[in-house]
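Please look over the sequence and the structure shown here before reading the briefing that goes with them. The notes after the display are grouped by topic, so that each can be checked against the coordinates in turn.

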Amino acid sequence: MKKSIEITPNIETLFGTRDENLHILEDGLNINIDLRSDSVELEGSAGDVARAEQVFSDYDHLQRSGQVFNNGDLNSMLRVLVADPKVTLRGLAEAGRQRSFGRRTVQPKSLNQRRYLEAIENHDMVFGIGPAGTGKTYLAVAMAIAALVSKRVNRIILARPAVEAGERLGFLPGTLQEKIDPYLRPLYDALYDMLDPEKVDRYLEKNVIEIAPIAFMRGRTLNDSFVILDEAQNTTSEQMKMFVTRLGFNSKAVITGDITQIDLPSARRSGLLEAAEVLKNVQGLAFVYFDEADVVRHHLVQRIIRAYDEHKVRVAEEQMELLDSKIPANGSQSIAAPEQSNARPETRE
């Protein structure tokens, strides 16, 4: 099927740098897009052409309504759109406006990020599990600030285990807060990126935003709060159970972690791994899993994560081959039998 779309004013901004956005539509929707002097020609199956036509129509509508796309948001939205047939460009943009606060707009950059944001909106407890750079913590903090600004909650509580410090915290200089701040710095970074520094400082001073190690959560009931537990893979089983039972009325909790970067001693099992098994069938909470395709940091980070995954598989295969080589075809292990253990040692008179 072929379809011709008239070029409207400023529609060329939809095309992206070197037409990269058109390439996303071509590859994702399996269509051909041909630019003419006064029109855009679409060719493909009827359903795919209709979806591409809807993109052009939505973009024209959004432009007329004053929508401004920044920092690659349009490129990210198109990637989400081609991955999910139920998504429209207009729907994504309007959902982003609803999550807008201050100087930032929360906009998913992958299909899993979109599922993550929707899970946070629709559930009181959400687990976000995946590798570094997938936006787990950043998006959770963004949603917490959006909830605070819109007065859906009265405070934000950000917790993180300081497991890397172990017992060495006492040897660090300064007050207790100064000792633990280095382990909570990523949470501070996210806050200062989304809000004016003066507002963040004011919220911290008034305890509207509280940042603390997970140990400070014990014995508390957290009402009217948006609670985030970051680096949850480094919680013990006891800490995780304690945290997930702190949730009070009119509160939300988001637990984030990367199960490939567990810093606990080998004898201790990660509370995040256990929670993923124990709570997977509990109604009212959601699990969202990310992979390297969701990484939104430097493009090298995706490649690095993939390289580590491939290395892990390769090492496992080499170990299996090594074990197989030690086992002969008849199935008995090729280990020399020891000499009779009950032989008496030679004695001297």
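The model is a predicted one, and every value below is computed from it. Three aromatic pairs are counted in the model, and there is one cavity of 30 Å³ or more.

**Interior space**

- A probe the size of a water molecule, rolled over the atoms, shows where empty space is left.
- The count gives one cavity of 30 Å³ or more, and the space in the largest cavity comes to about 40 Å³.
- The lining of the largest cavity is made up of Met 125, Leu 222, Val 227, Phe 243, Val 244, Arg 246, Leu 247 and Ala 253.
- Sorted by residue class, this lining holds seven nonpolar residues and one charged residue, with no polar residue among them.

**Aromatic ring pairs**

- A pair of aromatic rings is described by the distance of the centres and the angle of the planes.
- Of the three aromatic pairs, one joins Tyr 116 and Phe 290, whose ring centres are 5.2 Å apart and whose planes stand at 80°, so this pair is edge-to-face, an angle over 60 degrees being what that term requires.
- This pair links distant parts of the chain, since Tyr 116 belongs to helix H5 (residues 111-122) while Phe 290 sits in the loop between strand E11 (285-289) and helix H11 (299-326), 174 residues apart.
- Both Tyr 116 and Phe 290 are buried.
- The rings of Phe 127 and Phe 287 have centres 4.6 Å apart and planes at 15°, and because stacked pairs have planes under 30 degrees apart, this pair counts as stacked.
- Phe 127 is part of strand E6 (residues 125-129) and Phe 287 is part of strand E11, so the pair ties together parts that are 160 residues apart in sequence.
- Phe 127 has a relative accessible area of 0% and is therefore buried.
- Phe 127, Phe 287 and Tyr 289 are linked by ring pairs into a cluster.

**Surroundings of Asn 75**

- Asn 75 is found in helix H3 (residues 73-83), and its relative accessible area of 14% makes Asn 75 buried, because that term covers values under 20%.
- The side chain of Asn 75 forms a polar contact with the side chain of Asn 21, at 3.1 Å.
- When neighbours within four places in sequence are left aside, Asn 75 is in contact with Glu 20, Asn 21 and Ile 24.

Note on methods: Residues numbered from 1 in each chain as written. Predicted model: local features only at pLDDT ≥ 70, side-chain atom pairs only at ≥ 80, totals over all residues. Heavy atoms only, no water. 1 Å grid on protein atoms, 1.4 Å probe; cavity = no way out; pocket = protein on both sides within 12 Å on 5 of 7 lines; lining within 4 Å. Points joined across faces, edges and corners; volume = space filled by probe spheres on them. Nonpolar A, V, L, I, M, F, W, Y, C, P; charged D, E, K, R; others polar. Phe/Tyr/Trp six-rings, centres within 6.5 Å; stacked < 30°, edge-to-face > 60°. Helix = DSSP H or I, 4+ residues; strand = E, 2+ residues; numbered from the N terminus. Buried < 20%, exposed > 50% of the residue type's maximum accessible area, 1.4 Å probe, protein only. Polar contact = N/O pair within 3.5 Å; in protein donor to acceptor, adjacent residues only side chain to side chain. Contact = heavy atoms within 4.5 Å.
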